[in-house]
Amino acid sequence: MKYADRTENAHILVQEMSRAGSVLLDQATLLIPVPMHRTKLWRRRYNQAALLAHGLSRRRGIKLLADGLMRQQATRPLARLSASERQTEIAGTIIVRAEREKQIEGQAVLLVDDVLTTGATASVCTGALLKAGALSVDILVAARTCKGDEQDVPYPEE
């Protein structure tokens with residue numbers, strides 16, 4: 001979906017995520033996608049995590065806060081970085097939008113992303129959401145990579 005610009009695959013992924021993440025979705029009161037920096041969003045034209053979160057929201061009737069998180073600065077592409085390099089690169093780059101804090105406070109948030117590799121991005125997002133007062137944060141992704149899976153990722157995309 002992401003690298004081949006095949007957004008039509010979001011529908012199939014949403015179906016499978018809804019099935020596999022049924023328990024998490026039943027407990028969630030708010031869906032928030034992992035954010036993309038505005039320059040990357042402009043280049044790609046869509047945020048794949050937001051497409052998935054939107055589909056899950058419509059399918060399951062759970063409130064979506066698509067702009068709850070914000071990437072304050074662009075990062076290098078993370079795909080070929082080690083776990084420690086990813087953690088260093090992403091640290092402090094994702095925050096809760098100040099105008100969205102009240103909507104997050106007390107919510108059982110389900111963070112939605114397309115791929116989980118090392119968990120560095122999910123960790124930064126989770127910390128920001130908990131700091132903003134989220135009751136809990138769970139993570140639902142379309143895929144989990146294993147070491148070495150990203151060696152064939154097209155460059156220069158993330």
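Author: Happy to; here is a short tour by question and answer. This is a predicted model, in which local features need pLDDT of at least 70, side-chain atom pairs count only at pLDDT 80 or more, and totals for chains, interfaces and linings use all residues. Residues are numbered from 1 along each chain as its sequence is written, and side-chain values use heavy atoms, with hydrogens and water left out.

Reader: Thanks! How many helices and strands does the protein chain have?

Author: The protein chain has seven helices and five strands. Those are DSSP runs numbered from the N terminus, with helices being H or I of at least four residues and strands E of at least two. From the N terminus on, the order is α-α-β-α-α-β-α-β-α-β-α-β.

Reader: Which strands form the open sheet, and in what order?

Author: Three strands do, in the order S1-S4-S5, with parallel pairing. Two strands pair if DSSP finds at least two bridges between them. S1 (30-33) and S5 (136-144) are at the edges with a single partner strand each, so one side of each has no neighbour in the sheet. On average, neighbouring strands here are turned by 25° against each other, direction ignored; the axes are lines fitted to C-alpha atoms, for helices over the stretch in contact, and angles run from 0 to 180 degrees between N-to-C directions.

Reader: And how many bridges link S1 and S4?

Author: Four bridges, in the parallel sense, with S4 covering residues 108-116. Ile 32 has Leu 111 as its bridge partner in S4. Helix H1 (residues 10-20) packs on the sheet and touches S4 and S5. Contact means heavy atoms within 4.5 Å.

Reader: Switching topic: which residues have the most contacts inside the largest nonpolar core?

Author: That core has 21 residues, and Ile 32, Leu 69, Val 96, Ile 104, Val 109, Leu 111 and Leu 129 have the most contacts inside it. A nonpolar core is a set of buried Ala, Val, Leu, Ile, Met, Phe, Trp, Tyr and Cys residues joined through side-chain atoms within 4.5 Å. Helix H7 gives the most, with six residues.

Reader: One last one: is Thr 93 buried or exposed?

Author: Thr 93 counts as buried, at 0% relative accessibility. Buried means under 20% relative accessible area, exposed over 50%, and partly exposed in between (1.4 Å probe, protein chains only). Thr 93 lies in the loop between helix H5 (83-90) and strand S3 (94-96). Leaving aside neighbours within four places in sequence, its contacts include Met 70 and Thr 75.
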